[in-house]
Amino acid sequence: MATEQRWTDKALGMHRLIGRRDFLNGVAVGAGILGAPTAMGQPGEAWPQDQPGYYPPLLTGLRGSHPGSFETAHVLRDPDFWANHAAITDTGERYDLVVVGGGISGLSAAHFYRTRRPDAKILILDNHDDVGGHAKRNEFHLGGKLHLLNGGTLEIDSPRPYSPVADGLLRTLGIDPVALSAACDRDELYPSLGLSHAVFFDQETFGEDRLVNRAPGRGQTASATEWRDFLARTPLSPAARRDVERIETGRADYLPGLTSAEKKDRLSRISYRDYLLTIVEADAGVIPFYQTATQGEWGVGIDAVSALDCWGFGLPGFQGLKLAPGSAPRMGYTPAGYADGGSYTFHFPDGNASIARLLVRNLIPTALPGQDCRDVVTAKLNYSRLDCPDQAMRIRLSSTVAQVRNQGDPATARRVDIAYMRGGQLFAVQAKDCVLASWNMMIPYLCPELPAAQKDALRSLVKVPLVYTSVALRNWQAFRRLGIAAVRAPGGYHSYFHLNRAVDIGHYTAERSADRPVLVHMVRTPCRPWLPEHEQNRAGRAELLATPFETFEREIRLQLGRTLAAGGFDPARDITAITVNRWPHGYAPEYNPLWEPDLPPAQQPNVIGRARFGRITIANADSGRAAYTDVAIDQAHRAVSELLA
């Protein structure tokens with residue numbers, strides 16, 4: 001293929017030395033303090049997080065679920081694990097609360113517990129080398145300037161208004177999303193430079209490589225003339241162009257004779273793909289154009305999401321049905337919420353890592369200097385202050401919990417034993433209470449004494465795999481020349497990428513000159529179309545865990561090179577660093593009416609799975625069955641309230 005002949009490894013720049021190779025696959029080359037875990041803790045030795053210069057936000061290469069963060073959890077599934085790991089060192093540490101998981105839910109649980117019991121001794125254990133869980137910070141220093149991107153949780157945004165509990169926590173941290181959005185968002189920057197959205201049609205899917213700018217965006221009101229102008233420049237067939245225009249702008253009622261409620265019920269029982277093909281009777285050529293439109297939200301394509309959920313999320317083709325506004329039965333959490341309105345929104349430059357960092361400041365003020373939610377963006381976290389023996393609040397990183405047991409009968413237990421793996425060694429601590437703020441599917445391995453029905457419920461919730469990639473560029477002149485700021489790639493390795501969001505907050509400012517470095521955010525959600533949703537998720541997870549960084553790098557360079565070539569972009573010259581935030585267990589799963597029964601709340605797997613077990617409670621986004629920060633906070637509050645009732 002001509003594309004393969006042009007884009008050799010040399011042309012892509014695979015031979016170039018860039019920042020990521022100092023941390024190949026996320027592990028430091030050589031004997032640096034951020035190297036692979038080793039047996040430590042001997043007299044006179046310090047754990048990596050306690051040593052000077054430890055600062056994981058700067059790491060590039062494979063991040064997210066990075067090497068060293070998941071291997072113990074995978075080995076724990078082996079029935080011989082405990083036979084091979086019989087020796088456990090008792091640290092002698094005794095706490096009021098141990099939290100398993102240092103993401104936003106775990107940090108919030110510690111906050112709520114300490115609010116109720118100010119003198120409590122609390123330990124948070126996390127398997128990653130950084131705090132925040134999915135709320136990861138990618139930090140780059142380019143051309144003498146700080147650049148940030150979210151390596152995970154994107155922003156403050158939810159399908160439902162934040163609850164009094166979640167909103168109250170934001171206020172405690174000094175976050176007013178409405179005021180921050182008005183003062184700090186610079187959404188006008190790229191449009192003021194004449195940059196628009198574009199679609200890249202790839203040769204493998206559409207017959208040729210073609211970048212088409214001035215693409216009408218989802219949620220925007222575009223006329224038939226505007227769609228016709230855009231479609232005329234695409235490589236779609238005449239029939240596909242005609243039907244895309246009809247889907248986007250038509251007013252036909254494809255379900256005549258039915259009430260709005262009857263139409264919604266019918267739409268809940270058919271995929272969006274089948275709706276387009278069998279109800280709208282669109283040409284099959286429209287499917288590649290729309291197939292990945294749902295991946296960024298659900299992690300699967302339009303073959304696995306109901307037409308009703310796609311209507312609630314704002315996808316086209318329903319204008320003529322005259323559906324009554326608002327949610328309906330048999331809708332997923334996200335589309336039902338957005339159909340009813342949604343919450344306030346705000347995007348910190350590092351995503352909700354800023355919320356995690358503000359929680360750390362609230363819990364351990366000496367670890368993060370500053371006074372408010374604006375200066376936290378540029379503040380540098382002192383990791384050596386997270387796990388100090390003289391503190392009542394401690395956060396211990398690179399510590400994968402392997403076992404959590406009530407002492408004796410759960411109904412009468414007064415303490416909990418916790419064992420965790422760190423640096424190849426097993427350690428034990430005790431606590432009066434324990435909150436599991438980890439992923440649901442791991443909990444049955446941590447607590448094998450749980451009732452069988454509860455373990456089955458926990459295992460049934462399959463998380464959505466995804467990749468957030470951060471790419472540092474020497475400049476963004478190619479975007480400027482092409483007149484684009486964001487690109488949707490229906491057939492691409494990453495289905496979407498865009499220039500870094502423009503936000504000015506505190507001493508952090510968005511880049512305004514195309515001659516200077518910038519970050520690009522890319523999104524990939526691996527799945528296998530035509531399978532049931534959870535099978536697609538499992539296939540995507542297996543793919544992520546088997547994909548080496550070299551493959552990610554080659555695909556990133558190739559995609560940016562092919563897309564931006566006409567603007568003079570040279571991947572060998574213009575890419576200066578790459579961070580691949582790989583999340584095999586990413587979004588919390590939601591109810592999907594195509595694949596699951598519509599159950600009353602008490603019978604839903606997340607409700608069964610989160611039941612208290614002695615002195616152990618469960619808090620995470622999985623327990624709320626929705627991948628949103630407010631849900632993680634609300635579940636933390638519930639878990640702590642159960643313990644302290």
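Helix H10 (residues 224-232) packs against helix H11 (residues 238-249) at an angle of about 150 degrees, with 10 Å between their axes, where axes are lines fitted to C-alpha atoms over the stretch in contact and angles run from 0 to 180 degrees between N-to-C directions. H10 is therefore roughly antiparallel to H11, a label given to angles over 145 degrees. The crossing of H10 past H11 is right-handed, that is, the near helix is turned clockwise from the far one by less than a right angle. On the H10 side Ala224, Trp227, Arg228, Leu231 and Ala232 meet Arg241, Val244, Glu245, Glu248 and Thr249 of H11, contact being heavy atoms within 4.5 Å. Helices here are DSSP runs (H or I, at least four residues), numbered from the N terminus.

The model is predicted, so that local features need pLDDT of at least 70 and side-chain atom pairs count only at pLDDT 80 or more, while totals for chains, interfaces and linings use all residues. Residues are numbered from 1 along each chain as its sequence is written, and side-chain values use heavy atoms, with hydrogens and water left out.

Turning to the aromatic rings, pairs are counted when the centres of Phe, Tyr or Trp rings (for Trp the six-membered ring) lie within 6.5 Å, with planes under 30 degrees apart called stacked, over 60 edge-to-face and the rest tilted. By this rule there are 21 aromatic pairs. One of them, Tyr272 with Tyr275, is stacked, at 6.4 Å centre to centre and 20 degrees between the planes. Both residues belong to helix H13 (residues 272-279) and stand three residues apart, about one turn of the helix; both are also buried, meaning under 20% relative accessible area, with exposed over 50% and partly exposed in between (1.4 Å probe, protein chains only). By contrast, the pair of Tyr333 and Tyr628 is tilted, at 6.1 Å and 40 degrees, and links distant parts of the chain, 295 residues apart, from helix H17 (residues 333-340) to the loop between helix H26 (621-624) and helix H27 (629-644). Tyr333 is partly exposed, because its relative accessible area is 27%, whereas Tyr628, at 10%, is buried. Ring pairs also join Tyr272 and Tyr275 into a cluster with Phe201, Phe206, Phe289, Tyr290 and Phe318.

Finally, Leu358 lies in helix H18 (residues 353-363) and is buried, because its relative accessible area is 4%. Beyond its neighbours within four places in sequence, Leu358 contacts Leu173, Ile175, Asp372, Cys373 and Val376.

Terms used
Helix = DSSP H or I, 4+ residues; strand = E, 2+ residues; numbered from the N terminus. Parallel < 35°, antiparallel > 145°, perpendicular 65-115°, else oblique.
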